[in-house]
Amino acid sequence: MSTLDMDTLRSPVEDLHQEPPPIVSQSDPSSRGMVISGDKLVFSPPLYAQRYQAVQEIITASKMPITKVVDIGSAELKFFRNLRYINGVQEVVLVDVDEETLQSSKHRVQPLMADFLLRRQEPLTVKVVCGDARVYDPLLSGAQVVTLIEVIEHMNECDLPALVQCVFQHVRPHLVVVTTPNADFNKFFPNHTPGKFRHWDHKFEWTAQEFQHWCLGVVEEYQDYTVEFSGCGLGPDGTFCTQVATFWHHTQYQEHSEPLLRTAMTGTSFGEVGGLAQTAGLESVYKIIAECEYPVDKRTKEEWEVDYAMNRFNSLRNFLVAGDRQGIESSVPVWQQQDGGLGLPSPPDSSLSSDCIHYLTPHFDNEEAVYKAGDVKNEYCFYIIDNRYALIPMRSLAHWVNSGAETDLTDELIR
């Protein structure tokens with residue numbers, strides 16, 4: 001590895017960090033494997049998937065409500081697939097300096113057909129943004145979480161202070177997660193050449209000691225934060241291929257939006273943005289490439305419960321009518337073949353025809369009311385109880401339901 005400019009690794013309080021940073025216990029949260037195949041080192045699951053999963057687990061383990069997440073260095077936008085399933089998240093901002101990559105990848109954030117069929121209970125707005133993370137933009141305001149997955153090593157070290165200032169001083173999220181390659185692991189790559197980086201665009205690759213030293217410098221400067229270290233991609237000698245730093249804010253997060261001065265930058269390597277003039281105000285300097293809102297289920301709780309119960313009821317009805325039953329005409333539903341209403345195949349000992357029995361779907365306030373109802377004579381019935389679930393008197397249907405079935409359904413309720 002090429003010699004690093006150690007001045008850029010030090011915080012302004014370097015004198016407080018003369019001793020090497022403490023060794024922090026790191027553990028891989030799940031069973032993951034690594035094999036050498038020819039001249040390649042292969043992880044299972046793939047290393048990028050392990051990184052995404054590790055960051056997702058850190059976010060979900062947070063003890064506070066999370067409604068907005070900013071992912072810096074989103075590139076191909078693949079991490080969004082993890083973010084969209086985190087409970088409570090209602091806004092995601094995906095930031096990168098490469099507009100061409102964002103344009104070609106923006107389809108990954110669009111709602112799918114399944115999102116319209118099974119709608120979210122909470123709103124979700126997604127913004128794909130082209131911008132330089134060294135410069136604060138009001139689009140970042142209010143984020144409780146900021147993630148930087150494999151980002152900092154693509155920046156010149158002289159640009160890192162501006163990035164840190166943007167995230168820790170201006171955005172001030174409750175949680176910041178940073179991942180970066182671990183240079184200590186490079187020796188395990190087949191045919192590795194000392195001093196050569198893993199990727200052509202990497203400007204540096206830090207050892208665990210260097211990365212921890214930099215992180216401790218950040219929390220020394222921004223003392224409202226603490227840092228924990230972990231990793232993913234477990235290799236020989238307990239060395240992680242990717243190192244992870246998790247920064248936690250000491251106090252409860254409070255959303256804020258205040259006028260901020262944008263810091264002038266030097267250097268052009270990160271997004272080829274050089275000589276940015278210092279400007280004031282809150283006007284956006286980022287460019288929104290794509291924005292979409294996911295469909296939301298706007299039903300009330302009562303409406304949802306009624307629909308849920310009826311959907312489960314109809315699913316069971318369809319299964320009983322046509323599900324893997326021999327001798328049933330699948331092209332014409334049985335209930336359409338009956339006179340006088342809907343029908344279901346009958347238990348073998350039914351007094352009705354051998355092909356069907358009729359069922360009723362009255363509404364009752366509770367199960368006790370079902371048995372007190374004097375006009376309910378048919379024991380082979382389905383009942384909707386308090387709009388919450390369909391109750392099946394399975395003792396009556398047990399013989400028929402279990403005839404040729406792989407699963408004993410007699411003790412189950414449709415909930």
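Student: What should I know before I start?
Tutor: The model is predicted, so local features need pLDDT of at least 70 and side-chain atom pairs count only at pLDDT 80 or more, while totals for chains, interfaces and linings use all residues. Residues are numbered from 1 along each chain as its sequence is written, and side-chain values use heavy atoms, with hydrogens and water left out.

Student: How many aromatic pairs does the structure hold?
Tutor: There are 14. Rings of Phe, Tyr and Trp (its six-membered ring) pair if their centres lie within 6.5 Å; planes under 30 degrees apart are stacked, over 60 edge-to-face, and the rest tilted. One of the pairs is Phe168 with Tyr225, edge-to-face at 5.0 Å centre to centre and 80° between the planes.

Student: Which parts does that pair tie together?
Tutor: Phe168 is in helix α5 (residues 160-171) and Tyr225 in strand β8 (residues 225-234), so the pair links parts 57 residues apart in sequence. Helices (H or I, at least four residues) and strands (E, at least two) are DSSP runs, numbered from the N terminus.

Student: Are Phe168 and Tyr225 buried or exposed?
Tutor: Both are buried. Buried means under 20% relative accessible area, exposed over 50%, and partly exposed in between (1.4 Å probe, protein chains only).

Student: OK, what about Trp206 and Trp214?
Tutor: They form a tilted pair, 5.5 Å centre to centre with 45° between the planes.

Student: New topic: is Met113 buried or exposed?
Tutor: Met113 is exposed, with a relative accessible area of 63%. Met113 lies in helix α4 (residues 113-117).
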